[in-house]
Amino acid sequence: MHAILLGSGLSSFIKFFEVSKVVSYSKVVNFGFSPLEGHERKIYLVKHDDIDFIIMSGKLHYYEGFNIDQISAPIRWVIDNYDIHSFTITSASGGLSSSIDIGQWADINSIVYLPQLTKIFINHDRNCEMYSTLNQKTYAFHQGPSLGTGAEYKMLENLGADLVGMSMLPEVKYLVTQSVKLRLLSLPVCNYYPFENIKEPSHKEVIELADASTISLRDLFCKMLNESKDE
């Protein structure tokens, strides 16, 4: 079975599919959390062309005060309760390169992070296989709650990053220990390059752009579902 974790503003992705079951994150974790706009935090069992799969609508974040085990807790519940063999993680991000197109989904094949600062360490002897496409990008993890300065963005660019955001790494840390095929998709909602006169998008702008991107996300995900059906 496939599963997909939705980032900021992507909850309307669910409308394209037939829902058979809904479970709130609050029912599967043993800690509380406050509402966060753009993150519904519900688990849906849905169907597409007679293929059942899981949609996890909304994330928990490091910048909200959650630790790594708490961030991955809803994912662990899904892995423990369903036979998941493929997992897609989505996110919103900011561009660090002139080659980045705002509003166009990018496949991620690696994550830049500074473990001495984030205190997150990933075992590279991972069990999962990464979904491979052409022109994959590198994503930089920033723990937040605010994003960086021009100097920090330039540093991340020098380290090889194309995009920067405040999620994906904690989820990946858990999923690389599981026998799943992993796909990382990030939506650039702005571009910081060339790091002069940086203007951060408002949360409303991020939500609106993410919502508009659900059609293209549906097409990408359904193509992957259909490819797996033919294997």
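The side chains of Arg 218 and Asp 219 come together in a salt bridge, with N and O 3.1 Å apart. Keep in mind as you look around that this is a predicted model. Across the whole structure, a search turns up four salt bridges and 11 aromatic pairs.

- Arg 218 counts as partly exposed because its relative accessibility is 25%.

- Phe 16 pairs edge-to-face with Phe 17: the ring centres are 6.4 Å apart and the planes make an angle of 80 degrees.
- Phe 16 is partly exposed, with a relative accessible area of 25%, whereas Phe 17 is buried at 8% relative accessibility.
- Both rings belong to one aromatic cluster, made up of Phe 13, Phe 16, Phe 17, Phe 53 and Phe 221.

**Another aromatic pair**

- Tyr 62 and Phe 141 form an edge-to-face pair because their planes stand at 65 degrees, with the ring centres 6.5 Å apart.
- This pair links distant parts of the chain, 79 residues apart: Tyr 62 is in the loop between strand 4 and helix 1, and Phe 141 is in strand 8.
- Tyr 62 is partly exposed at 23% relative accessibility, while Phe 141 is buried, with a relative accessible area of 6%.

**Salt bridges between separate parts of the chain**

- Glu 64 forms a salt bridge with Arg 41, and their closest N and O atoms are 2.6 Å apart.
- Glu 64 sits in the loop between strand 4 and helix 1 and Arg 41 in the loop between strand 2 and strand 3, so this pair ties together parts that are 23 residues apart in sequence.
- Glu 64 is partly exposed at 28% relative accessibility, but Arg 41 is buried at 2%.
- Arg 183 forms a salt bridge with Asp 107, the closest N and O atoms being 2.9 Å apart.
- Arg 183 is in strand 10 and Asp 107 in strand 6, so the pair ties together parts that are 76 residues apart in sequence.
- Arg 183 and Asp 107 are both buried.

**The two sides of helix 5**

- Helix 5 covers residues 203-212, and Val 206, Ile 207 and Ala 210 in this helix are buried.
- These three residues lie on the same side of helix 5 because they cover an arc of only 95 degrees around the axis.
- Lys 204 and Ala 212, on the other side of helix 5, are exposed.

Key: Residues are numbered from 1 along each chain as its sequence is written. This is a predicted model: local features need pLDDT of at least 70, side-chain atom pairs count only at pLDDT 80 or more; totals for chains, interfaces and linings use all residues. Side-chain values use heavy atoms; hydrogens and water are left out. Buried means under 20% relative accessible area, exposed over 50%, partly exposed in between (1.4 Å probe, protein chains only). Helices (H or I, at least four residues) and strands (E, at least two) are DSSP runs, numbered from the N terminus. The arc is that of the directions from the helix axis to the C-beta atoms. Rings of Phe, Tyr and Trp (its six-membered ring) pair if their centres lie within 6.5 Å; planes under 30 degrees apart count as stacked, over 60 as edge-to-face and the rest as tilted.
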